[in-house]
Amino acid sequence: ILQAGSSASSLFFLESGRCHVSIEGREVGMLCGADVFGEVALVMGSPRTADVTSVTPCEMSVLSLQDLQQAMAAHGGLYHKLRALAESRIRHNNALMQLARASGGHGGLDMGRQQQQQQRTGGHRRCIETSSI
């Protein structure tokens, strides 16, 4: 869906399905229905920072940068919420990448999975599968 390093022109709203978020080939998060993604590059004015790959069929809505800018102009708090989400995800992803590098390249999401299962961390929340209910 997204490739790290590509230019950013849209914000994505995942309505259903699941996606892996990875940086340098290491999984750093999982997105599922009702998640938003693509905000980091838009808010920070940078290229995409992660790969997002669907792992199940997904339905999503896409908001163009122009429409997002109009929405942020009309709703002042929207920019601050998206920036806070972006900063939280950057901190989360950086921590997981540091942990993976410190462990000799092993790790990533698996090393932080227990913490992630207990709380929403960095904007990536645990997806609950119907088979586990």
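Strands β1 and β6 pair in the antiparallel sense over six bridges, where two strands count as paired if DSSP finds at least two bridges between them, and where helices (H or I, at least four residues) and strands (E, at least two) are DSSP runs numbered from the N terminus. This is a predicted model, in which local features need pLDDT of at least 70 and side-chain atom pairs count only at pLDDT 80 or more, while totals for chains, interfaces and linings use all residues. Residues are numbered from 1 along each chain as its sequence is written, and side-chain values use heavy atoms, with hydrogens and water left out.

An open sheet of three strands has the order β4-β1-β6, with antiparallel pairing; its edge strands are β4 and β6 (59-64), each of which pairs on one side only. Strands of a sheet pair through backbone hydrogen bonds, either parallel or antiparallel.

Another open sheet of three strands, again with antiparallel pairing, has the order β3-β2-β5. Because β3 (26-32) and β5 (51-54) stand at the edges, each with a single partner strand, one side of each is left without a neighbour in the sheet. Strand β2 (residues 18-23) is joined to β3 by six bridges, and the two run antiparallel; here Arg18 stands opposite Cys32 in β3.

| Helix | Strands | Angle |
|---|---|---|
| α3 (residues 76-102) | touches β2 and β3 | about 145° with β3 |
| α2 (residues 65-74) | lies across β1 and β6 | about 75° to β6 |

The structure also holds one aromatic pair. Phe12 and Phe37 form this pair, which is stacked, at 5.1 Å centre to centre and 10° between the planes; rings of Phe, Tyr and Trp (its six-membered ring) pair if their centres lie within 6.5 Å, and planes under 30 degrees apart count as stacked, over 60 as edge-to-face and the rest as tilted. The pair links distant parts of the chain, with Phe12 in strand β1 (residues 10-16) and Phe37 in strand β4 (residues 35-37), 25 residues apart. Both Phe12 and Phe37 are buried, that is, under 20% relative accessible area, whereas exposed means over 50% and partly exposed lies in between (1.4 Å probe, protein chains only).

Notes. Contact = heavy atoms within 4.5 Å. Axes fitted to C-alpha atoms, helices over the stretch in contact; angles between N-to-C directions.
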